[in-house]
Amino acid sequence: MTTMVMEREAPTLTATPWELVYQRPAALTDLPTHYCPGCSHGAIHRMVAEVIDELGIRERTIGVAPVGCAVFAYKYFNLDSCEAAHGRAPAMATGLKRVRPDRIVFTYQGDGDLASIGGNEILHAALRGEQITVIFVNNAVYGMTGGQMAPTTIAGMKTTSSPMGRDVLTQGYPIHIPELLAPMPGVAYAVRRSMHAVAEMRKVKKAIRMAFQAQLQGVGFSIVEILGACPTNWHVSPTDALDYIRDRMLPEYPVGDFKVDARLRD
Amino acid sequence: MARELWKGNEALAEAAIRAGVDAFFGYPITPQTELLEYMARRMPELGRTFLQAESEIGAINMVYGAACAGARAMTSSSSPGISLMQEGLSYIAGSEVPCVLVDIMRGGPGLGNIQPGQADYFQLTRSAGHGDFHPLVLAPATVQEAVDLMTISFDLAFQYRTIVIIAGDGALGQMMEPVTLPPMRPPRQERPAWALTGVDGRQPNIITSLYLDADELEQVNLRLQAKLARIAAAEQRWECYLTDDADFLVVAFGTVARIARTAVRTARAAGIRAGLFRPISLWPFPAPALDQLAARVKGVVVAEMNAGQMVEDVRLIVRGRAPVRFLGRTGGVIPLPDEIASELTHMARIDAHANGDRG
Ligand SMILES: Cc1ncc(C[n+]2csc(CCOP(=O)(O)OP(=O)(O)O)c2C)c(N)n1
C-alpha cells in the first residue's frame, strides 16, 4: 500500500509526522454512494475494492453489477464494468470470462437478483464451474423496490409483500445458496459470512480475498454470501439491524465454509 | 471457390466462422439445432468459444457479456427461443453493443410446431424487446444468400454497434443447396475502444443501459434514434424480379419469395405482366423502392407464412394507390406457387373488369 506523509505537524507527544494509513482504495471512485445509513453495500464495496488492490488485479478486473440497490456499483468501482439485466449477471460474466479468460471477472448481486429471478443463471454458472467470483449480499429483502419478500426472507419476517410475516406453508422456505452450490464439482469456494460485528467483517474480507484467489488460481467457481443489513426496509436503526442479523438471520443462515477447494492458497 | 452442397443451418454456421465469429452461445431448438451442433464441433477446433447455455435467456446474456468484451459474439434460435431473448436484446440495444443473432422461424404461437413460418416478422422488426429500438433484420431467400448476409453481418453490427438478425425459416435452415463460401477471416485481435478489457492505463469503460435522469435518458434515446435513422437510410436491401414492365406485383420475403418467383412466371405465361418485389432487409424496410413501384402498378399481392404482418408495411407504402391483397398461410403450411399465381390472376381479372373489359 502507498503511504502519504502529511505536511502538518502531529499534535502528539511524538515527533513523528502523521501518516495516512487509511485511504480510498484505488479500485473505488471518489463518488459518494447513494446507500442508506447502516446499509452494508458500501462497506462490502470497499472490502471488494481493497482485495482487488491488494491482489494487484485492478487493471485486469471486470465487474458486473446487478439490478438491485447495488445497480450503480459500476459507478463506485474504479474498474471496467457493466450492468446486467435482473439476475443475469452470472450469464453475462460467463460471456465476458469465456472470451477473456485472462481477465478477472466478478459479479456483485443481491438476494432477489441472485436467488430468485437469477436462480437458473447462478445455478448453471456454478454447475459449469465458471471461473468467476460472485459476491452475494443477502439482506433478506428486495431493497431497491421497497422491501418486498425475497427467497431469503426468514420465516415469519414481515415485509411489504408478506405483511403478516412470511408464512412458509404458502410462501415457501428460505433458500441457502452456498449450501446448495457447494456440492457441485465445479465450485471451488462457497462460504457464508456476516456483517454484524467488526470481527465478522474481517472474516468477510478474508473470504472475498479467497474467492478472488480461487479465480486467480483457476480452480473453479467461487461465491461468498454475505449477510448484510437493510435498516431502511427492516424498519430498525442501523445498530439494531446488526443485532437483527445476529439474532434472527444467523440461526437461519449460519456462517461457515461449505466448500473450500484443497488447492486454494491464501 | 468451389461450389459445395450445404444445409442452410450448417452453411450459416460455417459462414459465421469464416466471418470471424469469436464466440457462440446457444440452446437447442428445432429447426435451428444443426447450427448449434456445427458450432459445437468447429469452434473448439479453431480455439474459439462455444458454449451451450442453460436457456436462451442465458445464451443472450452470455452474448451480451462477450460483446461487452469486444468479441464478435452470436447466438441462434427459433421463434420460442427468440421470445426468451427479448429481455437481453433490449439491454444489448440500450447499451449499444454489437451482436449477431439467427432466427430460423417456425410455426407459432406458443409451442406451435417445427414447420417453417414467418410469424416473427413483427417481433423481429417491431418488438424485439421493450423500449424504442430496431435490430437490423436481414431475410435471405437462398442458402447462398444466407451465407452472403452472414458474411457481412458482423461488420454491420460493429459499424453501427447494433443487433443484426438473420431471419430465415425452417425451410431455409433445413434445405441443402449449392453454395460458395467466403474465405476464412481470422477472429478479431484488436478490441474496440469502448470494450471492457480492464482499466490498464485508462479511465474505466462502463457499459450500461441505465439512465435514471429523464433528460439524460432522452438524450440517449435521441442518439439511438439518430443512429437508427442512419441505418434506415444506408442499409435497405431488396431484389426486383421482372418488375420493369410489371402491372401486378407480388411482395414476399424469404422462402415465400422463391415460391412467388414461380408464381410470377406462371402468371406471365398466362399473359399477366407480373413481377416480384423481395425485401431483403425487413428492417429497415426498403420503402422508397417499393414506393416507386407502387406508383405505377395496378395491384399488389402480399404473400407471407403468417396471418398478415409485412402486409401492414406494404399497405403503408402503397397508400391506397393500388389494391393490396393478402395471401397468408400459417401453422407451417407453405403456400403453393399456384395459390399466389391465382391471386395475381384474380387481381388482373378484377382490374380488367373495372376497365370495361368483360371479355
Ligand atoms: C425483470 C425485472 N423485474 C423486476 C425488476 C424490479 N426490481 C428492481 S431491483 C429488484 C429487487 C432487488 O432486490 P435484491 O436483489 O435483493 O437487491 P437489494 O436491492 O436488496 O440490494 C426488483 C424486483 C427489474 N428491474 N427487472
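Which backbone N or O atom lies 2.7 Å from an oxygen atom of the ligand, and in which residue? In this predicted model, one such atom belongs to A:Gly143, at 2.7 Å from a ligand oxygen. A backbone N or O atom of A:Asp113 is also placed 2.7 Å from an oxygen atom of the ligand. A polar backbone atom of A:Val141 lies 3.0 Å from a ligand oxygen. Taken alone, the ligand exposes 590 Å², and the protein buries 76% of that.

Two elements of chain A give two or more residues to the shell around the ligand: helix H4 (111–117) and strand S7 (141–142). The largest share comes from H4(A), with 4 residues. There are 16 residues around the ligand, and those that come nearest are A:Cys69, A:Asp111, A:Gly112, A:Asp113 and A:Gly143. By residue type, the shell consists of 6 nonpolar, 8 polar and 2 charged residues.

Elsewhere in chain A, strand S6 (residues 133–138) contains A:Thr133. Is A:Thr133 buried or exposed? The relative accessible area of A:Thr133 is 0%, and buried means under 20%, so A:Thr133 counts as buried. The side chain of A:Thr133 has polar partners. A polar atom of this side chain lies 3.1 Å from the backbone oxygen of A:Ala211. The side chains of A:Thr133 and A:Gln215 are joined by a polar contact of 2.9 Å.

In chain B, strand S4 (residues 73–77) is mostly covered, with 5 of its 5 residues buried. Which residues of S4(B) point one way, and which the other? B:Ala73, B:Thr75 and B:Ser77 point one way, while B:Met74 and B:Ser76 point the other way, and all are buried. S4(B) is paired with two strands of chain B. Strand S2 (residues 23–26) runs parallel to S4(B) and is joined to it by 2 bridges; here B:Phe24 stands opposite B:Met74. Strand S5 (residues 99–105) also runs parallel to S4(B), with 4 bridges between them.

The helices of chain B come next. Helix H1 (residues 8–18) is mostly covered, since 9 of its 11 residues are buried. The buried residues are B:Gly8, B:Asn9, B:Ala11, B:Leu12, B:Ala13, B:Glu14, B:Ala15, B:Ala16 and B:Ile17. After H1(B) comes B:Gly20, with a positive phi near 90°.

How far apart should the ends of helix H9 (residues 254–269) of chain B be? H9(B) has 16 residues, and at 1.5 Å a residue these should span 22 Å. An α-helix has 3.6 residues a turn, so residues three or four places apart point the same way. The buried residues of H9(B) are B:Gly254, B:Thr255, B:Val256, B:Ala257, B:Ile259, B:Ala260, B:Ala263, B:Val264 and B:Ala267. H9(B) is followed by B:Gly271, and the phi of B:Gly271 is positive, near 90°.

Notes. Residues are numbered from 1 along each chain as its sequence is written. Chains are lettered from A and ligands numbered from 1 in the order in which they are written. This is a predicted model: local features need pLDDT of at least 70, side-chain atom pairs count only at pLDDT 80 or more; totals for chains, interfaces and linings use all residues. Side-chain values use heavy atoms; hydrogens and water are left out. The expected span of a helix is 1.5 Å times one less than its number of residues. Buried means under 20% relative accessible area, exposed over 50%, partly exposed in between (1.4 Å probe, protein chains only). A residue is near a molecule or strand if one of its heavy atoms lies within 4 Å of it. A polar contact is a pair of N or O atoms within 3.5 Å; within protein, one must be able to donate a hydrogen and the other to accept it, and residues adjacent in sequence count only if both atoms are side-chain atoms. Accessible areas come from the Shrake-Rupley method with a 1.4 Å probe; for residues, only the protein chains shown count as cover. Ala, Val, Leu, Ile, Met, Phe, Trp, Tyr, Cys and Pro count as nonpolar, Asp, Glu, Lys and Arg as charged, and the others, Gly among them, as polar. Two strands pair if DSSP finds at least two bridges between them.
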